[in-house]
Every structure is written in structure tokens, then in C-alpha cells.
Amino acid sequence: VEALRTLHKRYQDAGCELEVAGCGTTGYGEMLFANALGADCHTVETVAHSRAVQQFDPNASFILDIGGQDMKAIWIDNGVITNVVVNEACSSGCGSFLESFASTLSIPTKSIASAAFESNAPADLGSRCTVFMNSSVVSEQRRGKGPGDIMAGLCRSIIENVFTKVIRVSNLNRLGDKVVVQGGTFRNDAVLRAFEQYLGKPVTRAPHPGLMGAIGIALLAREECRKGDAGTSFIGLDAVERFEHREFGGVTCRRCNNRCQRAVVA
């Protein structure tokens with residue numbers, strides 16, 4: 001909501017009127033936001049991501065999306081999603097994992113790739129969760145590995161995590177002829193290169209790696225609004241300015257025996 005308000009103000013300050021032709025939601029809380037904003041459509045992340053990829057590359061056979069906290073592997077056959085695999089609880093192969101270690105090495109996020117490419121002997125860190133990776137990094141530092149060697153090793157480790165904890169294919173040919181990568185983590189050239197080295201062939205990086213989910217749901221929303229020329233059900237930017245919500249914490253969910261503590265947004 002704050003992002004929509006900021007966008008609205010930016011256009012107002014420029015003396016322009018922004019007309020929203022359609023609205024769609026995806027990702028965490030898609031249905032919550034769809035109901036709140038009067039979205040024209042909503043869908044799960046995998047569908048939105050695959051729709052965006054097929055817009056610029058209809059021949060894509062496999063999509064790997066690595067974000068800050070999760071990763072998704074999507075197989076496509078003639079435009080149809082045939083299989084989806086996501087990581088489970090562990091986020092050791094994601095962007096936050098890489099940024100966390102970069103911070104401990106005093107390397108800015110934007111300098112991770114350049115530091116990794118300076119290495120002539122990347123650290124061999126293997127595929128481990130964050131807890132065990134800490135000890136591996138310390139061990140490699142004691143062996144004389146510098147920050148660049150560690151970052152190069154971590155970029156390779158992310159890719160190893162993908163194939164040991166998510167994809168788990170015995171034959172890489174199962175990924176098909178046209179592999180597309182996306183997600184904010186793949187903005188990092190070193191991670192992209194590590195993936196290409198693992199596969200042994202070039203891959204295609206999506207034109208806007210960190211925004212493909214948003215692009216996909218925007219395309220789906222446009223298609224929905226064009227059906228019968230119905231227009232949009234979006235509540236409008238003026239209504240967004242007046243939008244209010246309340247959040248209650250410490251609510252115990254009783255839908256199963258786990259009794260999780262949840263926050264309720266109303």
C-alpha cells in the first residue's frame with residue numbers, strides 16, 4: 001500500500017494523473033491484498049513467474065528463480081507448467097544467505113560479484129546450511145583464503161544447494177534446451193557464472209530478474225481486464241490514500257495441534 005501511495009504522489013508532484021488500467025496480486029498474501037485492493041486477478045508466484053518468462057522467451061523449458069528467502073524450479077512444456085519444486089525451510093541457497101556472509105566480510109552487496117571474480121582459487125565450501133557454513137568459512141580463512149575466495153566459493157555453494165536441496169535431478173538434460181534464470185540473486189554476475197559452469201552451457205538471464213513476478217501478474221491482470229472490455233475492479237489510488245488496516249499479534253491458531261502464534265490483519 002505504501003508503494004502505491006508513493007507512486008501516486010510521484011505522479012501528482014509531476015503534475016500528471018495516473019490511471020490504473022488493471023490490478024493483480026501474487027506472492028505472499030496474494031488473496032489478502034486482492035480482497036483489500038479489489039484486484040482483477042490473483043495467482044501463485046509460480047504462475048506469475050512463468051507468464052513473465054514466456055512473454056520474452058516462449059521457448060523456455062526450465063526456470064530457476066532464486067530470491068532473497070526462497071527458490072523455485074519450474075519446468076515448462078509448450079507453455080504449460082509441468083512441474084514445480086520449491087525449497088523447504090532452509091534458505092541457505094538464497095540471496096539473504098549471500099548478503100549475510102558478505103556483511104561479515106565487510107563486502108558491500110553491490111561488490112559481491114567483483115570480489116568473487118578477483119579470486120583465482122575459490123574456497124571449496126560445498127553444500128551446507130548456514131550454521132555449518134559459518135564453520136567452513138572460518139576453516140577456509142585459516143587456510144589463507146581471502147574475502148574474494150570466500151565469496152566465489154559461496155556463489156558456487158548457492159548453486160550446489162540448488163541441485164542438492166531443490167532440483168535433485170540425476171541428468172541435467174532434464175532441464176531442457178532453454179534454461180532461464182531470474183530472481184534478485186541472479187542479478188549477481190558471479191552467481192550466474194557459477195550456474196553456467198555447473199550446467200556446462202550458457203543460460204538466459206531474464207531482462208528484469210528481480211521483477212519477473214510483478215511483470216507476470218501485470219500481464220495476467222491486463223489479459224483479465226481485456227476480457228469483454230470489462231475494465232478494472234481496482235479500488236483506485238484515491239481510495240488507497242484513505243486505506244486503513246489493523247494488525248493484531250499473539251493470536252493462537254487452532255487449526256492444527258501445532259498452535260502457532262499468528263498475526264491477524266483486518
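Ile81 sits in strand β5 (helices, H or I of at least four residues, and strands, E of at least two, are DSSP runs numbered from the N terminus). The model is predicted: local features need pLDDT of at least 70 and side-chain atom pairs pLDDT 80 or more, while totals for chains, interfaces and linings use all residues. Residues are numbered from 1 along each chain as its sequence is written, and side-chain values use heavy atoms, without hydrogens and water.

Ile81 counts as partly exposed because its relative accessibility is 30% (buried is under 20% relative accessible area, exposed over 50%, partly exposed in between, with a 1.4 Å probe and protein chains only). Together with Val44, Val47, Val84 and Val86, Ile81 forms a nonpolar surface patch of about 320 Å² accessible area. Strand β5 (residues 80–86) contributes most to the patch, with three residues.

Totals for the chain are as follows.

| Property | Value |
|---|---|
| Helices and strands | 10 helices, nine strands |
| C-alpha span along principal axes | about 60 × 50 × 45 Å |
| Buried residues | 41% of 266 residues |
| Accessible surface (Shrake-Rupley, 1.4 Å probe) | about 15,000 Å² |

Carbon and sulfur atoms hold 49% of that accessible surface. Of the contacts (heavy atoms within 4.5 Å) with a separation of 6 or more, 64% join residues 24 or more positions apart.

The largest nonpolar core has 44 residues, of which Leu64, Met151, Leu154, Ile167, Phe186 and Phe195 touch the most other members. A nonpolar core is a set of buried Ala, Val, Leu, Ile, Met, Phe, Trp, Tyr and Cys residues joined through side-chain atoms within 4.5 Å. Elements that each supply at least two residues of this core include β3 (62–66), α4, α7 (147–166) and α8 (189–199). The largest share, 10 residues, comes from α7. Beyond its neighbours within four places in sequence, Phe195 contacts Leu64, Ile159, Phe163, Val179, Val181, Phe186 and Val203. A separate core of nine residues includes Ala52, Ala60, Ile63 and Ile74.

In helix α4 (residues 95–104), Gly95, Phe97, Leu98, Phe101 and Ala102 are buried. Seen down the axis of α4, these buried residues fall within an arc of 160 degrees, so they line one face of the helix (the arc is that of directions from the helix axis to the C-beta atoms). Ser103 and Thr104 are exposed on the other side of α4. After α4 comes Ser106, with a positive phi near 60 degrees.

Methods. Patches are made of residues with over 30% relative accessible area and no salt bridge: like charges are joined within 9 Å, nonpolar side chains (Val, Leu, Ile, Met, Phe, Trp, Tyr) within 5 Å. A salt bridge is a side-chain nitrogen of Lys or Arg within 4 Å of a carboxyl oxygen of Asp or Glu.
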